[in-house]
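Here's a quick briefing to read with the model open beside you. Take it one topic at a time.

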Amino acid sequence: MGKLNNKIAFIIGGNSGIGLATAELFASEGARVAITGRDENTLKDAAYQIGENTLAVKADVLNLSSLDEAYQQVESKLGKIDVLVVNAGIFKGAPLAAFTEELFDEIVDINFKGTFFTIKKALPYLNDGASIVITGSAAAEAGVVNASVYSASKAAVRSLARNLSADLLGRKIRVNVLSPGHVETPIHGRLGLSPEQVKGLREELANGVPVKRVGNAEEMAKGYLFLASDESSFMLGAEIVMDGGWSQL
Ligand SMILES: NC(=O)c1ccc[n+]([C@@H]2O[C@H](COP(=O)([O-])OP(=O)(O)OC[C@H]3O[C@@H](n4cnc5c(N)ncnc54)[C@H](OP(=O)(O)O)[C@@H]3O)[C@@H](O)[C@H]2O)c1
């Protein structure tokens, strides 16, 4: 018996990294899964990898009307949503003196505004009693060079989980946060670095983690499964940090 049998799960940013590993685990636990992302090619590949009957919908959280269309497709093809994972996000940074308004807006618009409106627009499509899991970051609890706006955007979504859980109490919808530390995903390859530099960066990051390694997406997926399922029924407005002790020790 799967932990998500008969559940409809929608993973925003489910075509890559942590979201993809989570979608695979949810499908193996019996959920009917839908995913979004921006990249049509990885969306198609990811749907194949997750398994037959996976619904892949192209949507950009910067384009709010594309979210409406995505929710309409999920409802018409799968039904109302029981588990919503709000995982789309980018990591970008710059030295404070060089930080531009454009870079600030891009990070905040995707990570914070995107998260808020993804949840707001989901409301007509969610079942009462649904579980919403937002991807935060252990960086929200740390001081990271060049990452002030990224970290603040993740502190903002941590706050959203508390406030939106309060707003949605009447519908018994729980909102919690999964905050990863450094995890090996395509996110590092998007920084414009060579494969050698990405490898070097991951080694450097691992060195700063108490357990001397970065995490993997499959480890994170287990945390999302707990927050998505009834096993976390007494948790709301709360957070699980999975970071090898990076922000905690
Ligand atoms: N990896 C880490 O070390 C780490 C640490 C802490 C927190 N996180 C957070 O974990 C989440 C997943 O990251 P990841 O590491 O798995 O990285 P990833 O492989 O780069 O995945 C990012 C996901 O977000 C989607 N996305 C980005 N911008 C979007 C937009 N404007 N509209 C819709 N979808 C968008 C991507 O879709 P496309 O591929 O189609 O663009 C992709 O599915 C992010 O929120 C990230 O901040 C990651």
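Asn146 is partly exposed, with 13 other C-beta atoms within 10 Å. (Buried takes 20 or more other C-beta atoms within 10 Å of a residue's own, exposed takes 12 or fewer, partly exposed is in between, and C-beta atoms are placed from the backbone.) This is a predicted model, where local features need pLDDT of at least 70 and side-chain atom pairs count only at pLDDT 80 or more, while totals for chains, interfaces and linings use all residues. Residues are numbered from 1 along each chain as its sequence is written.

**Two loop residues**
- Asn146 sits in the loop between strand E5 (126-135) and helix H5 (148-167); helices (H or I, at least four residues) and strands (E, at least two) are DSSP runs, numbered from the N terminus.
- Though Asn146 isn't a glycine, its phi is positive, near 70 degrees.
- Lys172 isn't a glycine either, and has a positive phi of about 55 degrees.
- You'll find Lys172 in the loop between H5 and strand E6 (174-180), and with 13 C-beta neighbours inside 10 Å it counts as partly exposed.

**Helix H2**
- Leu43, Ala46, Ala47 and Ile50 are buried in helix H2 (residues 40-50).
- Look down the axis of H2 and its buried residues fall within an arc of 100 degrees, so they line one face of the helix; the arc is that of the directions from the helix axis to the C-beta atoms.
- The face turned away from the buried side of H2 carries the exposed residues Asn41 and Tyr48.
- H1, strand E2 (32-37) and strand E3 (55-58) are among what covers the buried residues of H2.

**Around the ligand**
- The ligand is surrounded by 28 residues, and the closest are Gly13, Gly17, Gly37, Gly89 and Thr185; a residue counts as near if its C-beta atom, placed from the backbone, lies within 6 Å.
- Helix H1 (residues 17-28) gives the most to this shell, with three residues.

**The whole protein**
- The protein has seven helices and nine strands.
- Its radius of gyration is 17 Å, close to the 18 Å that the globule rule gives for 249 residues, so it is as compact as a globular protein of that length. (The radius is taken over C-alpha atoms, and the rule is 2.2 Å times the number of residues to the power 0.38.)
- Of the 249 residues, 43% count as buried.
- The mean pLDDT (the predictor's confidence in each residue, from 0 to 100) is 97, and 100% of the residues reach 70 or more.

Conventions
Two residues are in contact if their C-beta atoms, placed from the backbone, lie within 7 Å.
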